[in-house]
Amino acid sequence: MKAHVQWLVRPNDTILGDKIQFDNSTLFLTNACESIDLSVIKKTVCVDFVTSNDINVNHKHDCLKAQCLHYHVCNKISYNFQARFEQLRPELLETDACYFCKPKQEIQLLNELPETVLCYECYGEVVYKDIRYKIGDFVFLEPGSFPTDDSSEEEILDNEHEEKDETIYTEYYRKTKDKHFVQPNARPLELAYILKIIHSKGDVKLNVGLIFRPEDTNEAVKKIYKHDLNYVYWSEAKYTVSIKNLVGPCHVLHRSDVPPPLTNWIKEGSNRFYFDKSYDPNSMEFTKIISLDQLENYSRSFPSEFLPKFPMPLDTPLKCLDLFSGCGGLMEGLCQAGVAKPCWSVELERSEAASYDANFQECSVIQDDCNLVLKSLLKGHTQHKGVSLPQKHEVDLIVAGPPCQGFSQLNRARELEKSKLKNGLVFTFLSFCDLFQPKYIILENVTGLVHFNKNEILQCIFHCLLKMNYQVTFDVLQSGNYGVAQSRNRVVILASKPGYKLPSFPQPLHAFSNQLFTINGNLVANKTSHAPYRSITVRDAISDLPRVSQGANCYLFHNPPKTHFQRMMKDGSRIHDIHINLRELLQDHICKILSPLMEMRIRLIPSFPNADWRDLPNICVKLPRGQHSYTEKLKYNAKKKKSVCDCKSSSSCTSKGQKNTIIPWSLVHTASRNNNWQGVLGRLAWDESFDMTVNPAALAPARGKILHPEQDRVLTVREYARAQGFPDSYVFRGGICDMYKQIGNAVPPPLAKAIGYEIIKCVSENPDYLSNTKTSPGSRYLRSSNQAIDK
């Protein structure tokens, strides 16, 4: 005989690990179930499943009174393959049927058509993964489901194999050792419409008509980028794919069927596309569609339950306390979503606090150490440095991005005492959460937090929030998946009080290559990158910005936006009345004035993609700006070829090296143990994404590609702001180096906006969906679990 069981686990069998001890009686229900042989069950145990906020000691089971060793308490569910802990809901414990058993999703074929022949049958409808599809429906298919012409893609490696004089370009040889130098571009989902549903030899296939994106045609690159990301081409080309390639439904309309205005329809949600031309992949010709009668297979499929819409802003936004707020990137995104009202902000750095205050003028900005503010709150003060402080039960949402230098892989001094002290600010954040007990919590940080000290910091954060009785989850989100023109992974921890639904993480909107993250052997993050839209590139972000020389600033801006992203940056401000007045005012389009030597190095970096310091010539040249000095040639060691020093180890070398050379002595000296400093002083390519945004003002080796694709300068402040997704109306305060730093440390607003939408869904659905559930305080669910005993 067999028994169907739901598994329970101890905390150390989850991502929490065994470094921080829970009570021995604590168990977590999991979403795993299984039918097991009765012979493996050793004995029963008493598990008290608690669905209320707190355990009522007066109603405990007799086992607790007798101090039974086999008594356990479970008030959370831990989801396998997710770092997610939710409060128990009564429906999870129903005894009539297992909540977690998923019925086998069978393919159902409906409405057989007369086209059926001897070798196959045709049907009018099919049910696949619980979704009904019919002939004429528009669908998403897996990337690469049908052949595409890649001939239009630029070959950005052509210049790398060019032969060069090794006596002049003495470091060029290092480029042959590059690994993964070209950024992999993830394809978005394919678009098609169903022509036939075929059943043949036990397999179900779809004969589909192809819908082409502009980038999959022979259209010129600059023209491709002018289109909206939602713009596609109709086609009569056909292809047959397995139904396993089917991802889900989408929505495609002819331009004349789109409800006006078009811009509002695009902004309402994802998975929607429009067309007004057809494309013939054989002749590579485009045809304007004048009448819909030209389209034999076009079906006017108007919005349905499968057409997702972004949630409406909350009528009463959550009152927010923003800790370690920086210049306000996280808050900007949440405000764009309509989920938060910035009421209090705490930031230590003067320039960043000034930027925050300039953009959120109704917020009480406290420029001081968070620990000192916490001390004032614990003493019961109502003000700190003349600024009003929040009181208990006033704060609905706490968001924070504690300094990440101690966790960041870019910080080569993260073991120093100052970095370790900054790591401790995570616990200051937790103290604020314990004091105010907000409805929702958002914590953002670098991915180093996940693995720092063998996951100890992350596990400690989870432990503290669970002890506060919060529901909690985390994921590693790739900013590029949410409309940012850069590769930027960020750890995001979300928590909610009992009685408030725990948000899920947003689904990717833009295709982007992702990493996989594991903790305690569990895959917990970035499990898919499938998305309806292509990734945003450098060209999308900055191609409309006017030319600017080193150190100069540009204020008047008459260039119309050239791309979908640029239109979003111009129209994406929260402050619409001010934004209209500033439409032609471009702020902070300025870059740092560099030394004559660095300026000459940048001039000598070639303008083709992927050029970097290794393309510099080893020559003597006169420095710019009227200086009468010349550079020197880099001198190599006579005994050690390709070496600039006779030391045994560059890490312990005390030599100061040469200072006035075009090829930086320090890069050559340390290249062998730093991946040849691949990409340093690198020039961006128009059709790739930005490197992770950091402060380029210092021009340190770890800064990567920081040069404009065509102009001989580093990127400007406004270009970096575009790379992060800040609207053009967003202002920054402080010196130029301060502004670079603020942007590099900020959370990209599009990422924050996507998270904000998920919180709105939870608040809007039913904010009291748990606390209103009627359960008897004394009701008990006793289950058997051999796992709880064997371990």
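Buried, in this tour, means under 20% relative accessible area, exposed means over 50%, and partly exposed lies in between, with a 1.4 Å probe and protein chains only. The structure is a predicted model, in which local features need pLDDT of at least 70 and side-chain atom pairs count only at pLDDT 80 or more, while totals for chains, interfaces and linings use all residues. Residues are numbered from 1 along each chain as its sequence is written, and side-chain values use heavy atoms, with hydrogens and water left out.

**The whole chain**

Among contacts between residues at least 6 apart in sequence, 70% join residues at least 24 apart, where contact means heavy atoms within 4.5 Å.

**Salt bridges**

Side chains of opposite charge can pair when their charged atoms come close. A salt bridge is counted here when a side-chain nitrogen of Lys or Arg lies within 4 Å of a carboxyl oxygen of Asp or Glu, and a search of the whole structure finds 28 of them.

Select Asp276 and Lys288 next, whose side chains meet in a salt bridge at 3.5 Å, N to O. The pair links distant parts of the chain, 12 residues apart, with Asp276 in the loop between strand 16 (272-275) and strand 17 (277-280) and Lys288 in strand 18 (residues 285-288). Lys288 is partly exposed because its relative accessible area is 47%, whereas Asp276, at 16%, counts as buried.

Move on to Lys385 and Asp368, which form a salt bridge at 3.5 Å, N to O. Lys385 counts as exposed at 62% relative accessibility, while Asp368 counts as buried at 9%.

Then select Lys223 and Glu219, a salt bridge whose closest N and O atoms are 3.9 Å apart. Lys223 is partly exposed at 43% relative accessibility, and Glu219 is buried at 8%. To finish with the charged residues, show Arg84, Glu86, Arg89 and Glu91 together, which are linked in a network of salt bridges.

**Helix 4 against helix 18**

Display helix 4 (residues 329-337) with helix 18 (residues 749-765), which pack at an angle of about 45 degrees with their axes 7 Å apart. Axes are lines fitted to C-alpha atoms over the stretch in contact, and angles run from 0 to 180 degrees between N-to-C directions. The contact is made by residues including Leu330, Leu334 and Ala337 of helix 4 and Ala752, Tyr757 and Ile760 of helix 18.

**A buried loop residue**

End at Thr563, in the loop between strand 30 (553-556) and helix 12 (564-571). Thr563 counts as buried because its relative accessibility is 1%. Leaving aside residues up to four places away in sequence, Thr563 touches Tyr225, Arg539, Asp540 and Ser543.

How values were computed: Helices (H or I, at least four residues) and strands (E, at least two) are DSSP runs, numbered from the N terminus.
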